[in-house]
Amino acid sequence: MKKKTIKDIRLDNKKVLVRVDYNVSLGEDFKIADDFRIRQTLTTLDYLSKKGCTIFLLSHLGRPEGLKNKDFSLKPVAQHLQKILGRKVFFFDKDITDANARKELSSFNKGEIVLLENIRFYKQEEENDQQFAQNLAGLADIFVNDAFGVSHRVHASTVGVTQFLPSVAGLLLEKEVKVISQALNKPKRPLVAIIGGAKAEDKITLVGKLLEKADYCLVGGGTANTFLSAWGYKVGQSKVYHEMVELAKKLFWKASRRNTAMLLPTDVVLGNLKEKTTNGVVDVEKIPASWQALDIGPKTQAEFGNAIAKANTIIWNGPMGVFEKQEFKNGTEFIYWAIAQNSQSLSIIGGGDTISALKKKEYLKVIDHVSTGGGAMLEFIEQGTLPGIQALEDK
Ligand code: AMP
């Protein structure tokens, strides 16, 4: 990475403001359901602690839309972080637009860790308000961005603050950028890209970009339905993004020009989400008018599996079906299994859903890199950088 990281600057005993992405899922009892994103920042926290830094952590949680809302409080995160670090983590929930509260923050001692309350409780955060950003900057000597997952957002705590403080990358951000860039720009071939999920607007553009880089592009999930429709198949009640169909057609040409094998499902699992019923597996040319395609079928699994077995690099974003329902999770589970069988490949997966789709945690161990970013990973693949990364100091 051409940007400075915390290893490139003097940090001894400094106050550092660290943007992290602790946007974790909470259970009904406000317990942390999955602390993956928290654990991923421990390397940076450990490094800063060893340098004697006072650490102010900034994060958002959910979408409180600029309003205080205790359902989105980071307090449970502070408690959890304290437990996994085995040391005191202060939680600071006073209004940081108030000068007295900021003064209170300045009295924390060397080496202490403080997590501030949800930064999205302030509407100024998403507006990238300059005064707010400056107030944030006033809390510390150095800004560290360790939040790959929000670096595609131009917010006060990702971009605004960098105008007022020396700003460098944390070790997680550095790792994310390094691994994803290497897989895209210097991949060991064949490079197999797997795209699923439902947000076809984003995903179809992504397929366009990956067709330029990958040797195989496997398209499943809801995204595949728009491609199947563009190819001329009738997909029943499945959601098709009609405004994207023309682009999808162009991508078939692009794939053939670039010699990229684009694989679409050849069979699908039928279902009806409203009535919560399934209706078995059919070939894609036989999808009945009243049903939806909600997962890839076994023939498609075998075809996708063949490509995955040949891969030396794998990038995956988005589930192959409606994995939240038992009946439609097999396709996604199969992809995990297939990647796990291919031990020689470098594998990268991203997207909150792709990760939560994985119930069998042992598969996660065989994935080389699990990105903390979903949307950010997509934008990074498309643009080659992100606003929150651009804003950091160059080496
Ligand atoms: P995304 O955020 O775009 O990766 O989409 C994730 C969502 O896609 C999950 O909630 C899945 O249930 C949904 N999904 C995957 N496959 C399908 C499909 N064939 N039809 C409808 N939704 C799907």
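Predicted model: local features only at pLDDT ≥ 70, side-chain atom pairs only at ≥ 80, totals over all residues.

Guide: Let us begin with a term: helices (H or I, at least four residues) and strands (E, at least two) are DSSP runs, numbered from the N terminus.

Visitor: OK, and is E65 buried or exposed?

Guide: E65 counts as exposed because its relative accessibility is 62%, and exposed means over 50%.

Visitor: What about the phi of E65?

Guide: Phi of E65 is near 60°, which is a positive value in a residue other than glycine. Most residues other than glycine have a negative phi.

Visitor: Where is N128, and what is its phi?

Guide: N128 is in the loop between helix 5 (123–126) and helix 6 (130–137), and although N128 is not a glycine, it has a positive phi of about 50°. N128 is buried, with a relative accessible area of 16%.

Visitor: Switching topic, which domains does the chain have?

Guide: The domain assignment gives domain 1 (6–172) and domain 2 (187–383), and the C-alpha centres of domain 1 and domain 2 lie 34 Å apart.

Visitor: How many residues are in contact there?

Guide: On the side of domain 1 there are 8 residues in contact with 9 residues of domain 2. The area buried between domain 1 and domain 2 is about 840 Å², with carbon and sulfur atoms giving 66% of it. Of the area that domain 1 buries against domain 2, F36, F148 and H152 supply 62%, more than any other three residues.

Visitor: And how many salt bridges or polar contacts?

Guide: The count between domain 1 and domain 2 is 0 salt bridges, while 1 residue pair is found in polar contact across the interface. Helix 1 (residues 36–40) provides the largest share of the side of domain 1 that touches domain 2, namely 3 residues, and that side divides into 3 nonpolar, 3 polar and 2 charged residues.

Visitor: Which peptide bond is cis?

Guide: The bond from R189 to P190 is cis, with omega near 0°, and P190 lies in the loop between helix 7 (171–185) and strand 7 (191–195).

Visitor: Last one, what does H80 touch?

Guide: Leaving aside residues up to four places away in sequence, H80 touches I32, D35 and I38. H80 sits in helix 3 (residues 75–85) and counts as buried, at 15% relative accessibility.

How values were computed
Residues numbered from 1 in each chain as written. Heavy atoms only, no water. Domains from an automatic or database assignment. Contact = heavy atoms within 4.5 Å. Buried area = accessible area lost by both parts, 1.4 Å probe. Salt bridge = Lys/Arg side-chain N within 4 Å of Asp/Glu carboxyl O. Polar contact = N/O pair within 3.5 Å; in protein donor to acceptor, adjacent residues only side chain to side chain. Nonpolar A, V, L, I, M, F, W, Y, C, P; charged D, E, K, R; others polar. Buried < 20%, exposed > 50% of the residue type's maximum accessible area, 1.4 Å probe, protein only.
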